[in-house]
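Here is my note for you, written point by point. Please keep the model open while you read.

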Amino acid sequence: MNCKKIISCLLCICMLLGTFAVVSTAESKLPPLFDAVNVLEFPKYFNGICDKRDTAFTETVEYDGFNCVKVSPNPSSQTNAAINLDGWSYGQAQINVDRYSTVLIVYKYESNSPVSTKMNFNIMKQSTFTGSTSLQSEENIVSGEWAIAKIDITPAKANRLPDIEPVIQQIHIYPFGGISSHDLKSDDVMYISHVIALEENVDAPEFHKSFINGYDDNSFGINGNMTRAEACTIIARLAANGDSAVTTGIPSSFSDVGEDKWYHKYVTYLEVLGYLDAYSDKFEPETHITRAEFAELVYKLGLLSDKGGNGSFTDVPADHERAELIAAAGKAGIINGYDNGDGTYSFKPDNKISRAEVVKMINNAYGRKCNADGMYTSVKEYFTDVDTSHWAYADIIDSAISHISYIGEDGKEIWVCAFGDDVIQEDFDADFSGGEAYAKTADALLKSRAAEIRATESEWTVADGGTVYYVSNNGNDGNSGKSPEQALKTVSKLQEFQNNGTIKSGDVVLFERGSEWRERWTAKDGITYSAYGTGDKPVFNGNTLGDAADSAKWLLVEGTTNIWKYNNHVLDIGNIVYNNGEKTVTKIVPQIKEKTLLVDGAKFDPLTTFVKNDTFICEYVTLAQESVDVTSAISRLYVRCDEGNPGEVYDSIELVYRGNLIRGASNTVFDNICIKYSGSHGIGMGTVNNVTVRNCEVGYIGGSAQYYKAGNMTRYGNGIEIYGGCNNFVIDNCYVYQCYDAGITHQISSGGTNDVIHENVYFTNNVIEKCIYNIEYFMGQSDNDSAVRRMHNIVYKGNILAYSGTGWGMDPGRSASIKGWNHRNEATDFVIEENIFLLDYKNACDLGAYNAAWLPSFKGNTYVQKYGQNMTKVGANGAVQYKFDGYAAGYLSEYVHEDGAILYYVRND
């Protein structure tokens, strides 16, 4: 079968409305989308497309019932609207070309102009390989129809890291490649729904989309009948190639088909096409349709050809009003009739048609070779009232579950993959009541633990010969600092003592509880920093400008009633926090082009830029170059506040000011201090050894500009960060929250030629919530192959990691409670155990390594997540996405190798 035949066979319709019951998303139970029974063992594929390169011209949309990437032409280069397919819902993120030989791409091209071209693909190799392979689909694009582009791939040769299996890392699709600028129109669009990698080459893949649903009790209603209105719904969607195209905008000629009826558009659509000419004044839409009437509707779809079928039925006389079309349908094999036992057949034209007969007739019309043996075992008991022995069993399952299949050597259909939302999982009933109860328990535990951490007593020990120094808001910089009565007053004086050697390694510095400093400072090697006195932990506030809750600090912008300008110049602001976290203000991120500040392509103007309340922008005073030096760029701060002067409306306003609040050093202890409102990092360190951070609170960190590149801003900010190598790095019993990027992290980017080793890293007993990444780690590849990049003895244990991606930080779509990147470095004795993962926005864990042996081991973690959402993305040579569904325990055990996981399910409302 050639590709044109495939296209003609694609069945692209939506599910029934009206009295046909739909299994709701909330109640659906989803299985794995593959099993090992079929010829294609564990086919891997994308469930939708997870990432896109050209964000200016692509977006993720729901189209024809699928999550698709919608691609529009790039006005500057119509061939380069590339999509990066990165991150699989089930299967491998990278295709092992030693195993896979075929890639299928399901797409639909919409154009108002004739198109005669081929889809272009660019298969990008992993960086361990050289070159790329450009491949094309076998047939030209057909506008307005779902199609399957089939491309064959072959292994490539590695030029380094020979122990790594050959893989394809990315697939770049150039949807408009090959279309000349004369043919391409600005309103052309490409929808891409699925990308599938197969383990062996197959011919003639076909896309079968479901067109009928069961009922809420998981029954199909085999012998149930269908009304004329319901039949029109199916046929209209078939004729229009989708529900969205079923439109007429005209009243019905039938007096009993009112515009207020749910079936009005389906009936009128078929009226316009001439499908209902046999009916006169009334249509009687609620009347059950007969076999002859339904055969006429299928006949008028125009899919008939003489296949030598039975065209003569004993109970259809020549003068029957539909005798000719019944005969034609019989010859085409659409209807077979009933065997009379004497070599003749009857049709029973006036009998009500059953739902089983409906799907059989439609499948026959579309030439589907339905085959129960070729289906997945996980769907064999899809409906409670459809036994495998039923004559229409294969047709019913085939019509109810969207799938891609091919025709085997025996002429029968073999499934390649099924699409998730159509499939009911066997023998699983999530205990939502227990899960939701535990979610409340876990949240209460989080709050309790946060309160405990805030109330912890100081832990410090002075070395032999060491001295204890005291710092207090009530102190005096003329004091010695060696007793509470002789306490220093400012952090700047403390810095002076450290710099001149008065405070030396082995000493202890204690800050008085209840005090607050709006000063930034640098730790000194060998010092312990802790607290003394009673009350709240001493606070280090990165807002060195002072509390902005003062009406005199805000000036109304002339010509507005709700835009306010801060009365002084500032460095870049990462965030604005009202009333100690009651509300945060959203940052408008500008671009810089030709020394001009732009917002959404338009020049910044405080009178027109602000479209939403509680937003702010930093306007740089001078734009001498495209790449602004954000470390010193002076800005004007504008805020929209519809309620009035923000200095009057709010009791406190903290400007999260650019820069690290504390710069760490080796051989230090930070104990019982509170760090807030710093636009860069709370505690930021380079390569250090022997650092402990315990019993501390860190919140509202980050969001300032790290740099501008090509006029675009990159923001950053972690609660506690090591950027470089480390040995003996401990973060214990800390409460970290609302960080723009990571709550706590040990990391180093790519590049450089030096050795970098992360060793003996312990993140234990912490409460971390509402960061984009509650914990993050990564280590880039060195530019020098002989340089050592290695992680050893990394332990994340006993933490409560909650609500990642739900705070004010960066794009929540990339969030995870533990975020690691697909690292090339060796990692040994890496353990993630006895943590609670609570209601993450996207993933509990998202991490990968180039070698399976370098992945962390998981043990005894508790997962409290929403049913059906992403759960864990873990894997070697490309992380694999696993769902938090009825198979989650199996995923964790078999693929993540989790020992003793505890799962609680929460409704995904």
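**Notes on the predicted model**

1. Start with Thr609. Thr609 sits in the loop between β29 (602-603) and β30 (615-620). Helices (H or I, at least four residues) and strands (E, at least two) are DSSP runs, numbered from the N terminus. Thr609 is buried, with a relative accessible area of 13%. Buried means under 20% relative accessible area, exposed over 50%, and partly exposed in between (1.4 Å probe, protein chains only). Leaving aside neighbours within four places in sequence, Thr609 is in contact with Ile588, Val599, Lys603 and Phe604. Contact means heavy atoms within 4.5 Å. Thr609 and Ile588 are 21 residues apart along the chain, and their C-alpha atoms are separated by 9.3 Å.

2. A word on the basis. This is a predicted model, in which local features need pLDDT of at least 70 and side-chain atom pairs count only at pLDDT 80 or more, while totals for chains, interfaces and linings use all residues. Residues are numbered from 1 along each chain as its sequence is written, and side-chain values use heavy atoms, with hydrogens and water left out.

3. Now the whole protein. There are eleven helices and 58 strands. Of the 909 residues, 58% count as buried. Take the contacts between residues at least 6 apart in sequence: 73% of them join residues at least 24 apart.

4. Look at the nonpolar cores next. A nonpolar core is a set of buried Ala, Val, Leu, Ile, Met, Phe, Trp, Tyr and Cys residues joined through side-chain atoms within 4.5 Å. The largest one has 78 residues. Phe511, Phe670, Phe729 and Ile818 have the most contacts inside it. Strand β53 (residues 843-849) gives the largest share of this core, four residues. A second, separate core has 63 residues, including Leu238, Phe254, Ile334 and Ile401. In soluble globular proteins, nonpolar side chains tend to be buried together.

5. What does Ile818 touch? Not counting residues up to four places away in sequence, its partners include Ile775, Tyr777, Tyr796, Leu801 and Ile832. Phe837, Ala844, Cys845, Asp846 and Leu847 are also among them.

6. Helix α4 (residues 291-299) is mostly covered, with eight of its nine residues buried. Among them are Phe294, Leu297 and Val298. Arg291, Glu293 and Glu296 are buried too. The cover includes α2 (228-240), α5 (323-331), β13 (338-339) and α6 (355-365).

7. How do α6 and helix α7 (residues 393-400) pack? Their angle is about 75°, and their axes are 9 Å apart. Axes are lines fitted to C-alpha atoms, for helices over the stretch in contact, and angles run from 0 to 180 degrees between N-to-C directions. The two helices, α6 and α7, are therefore roughly perpendicular to each other (65 to 115 degrees). Ala356, Val359, Lys360 and Asn363 in α6 meet Asp395, Ile396, Asp398 and Ser399 in α7.

8. Helix α9 (residues 491-499) also has buried residues, including Val491, Leu494 and Phe497. Strands are part of what covers them, including β17 (468-471), β18 (508-512) and β21 (528-532). Just after α9, Gly501 takes a positive phi of about 90°.

9. Finish with another loop. Asn733 lies between β42 (726-732) and β43 (735-739). Is Asn733 buried or exposed? Asn733 is buried, with a relative accessible area of 12%. Beyond neighbours within four places in sequence, Asn733 is in contact with residues including Arg449, Thr456, Asn695 and Thr764.

Technical notes: Parallel < 35°, antiparallel > 145°, perpendicular 65-115°, else oblique.
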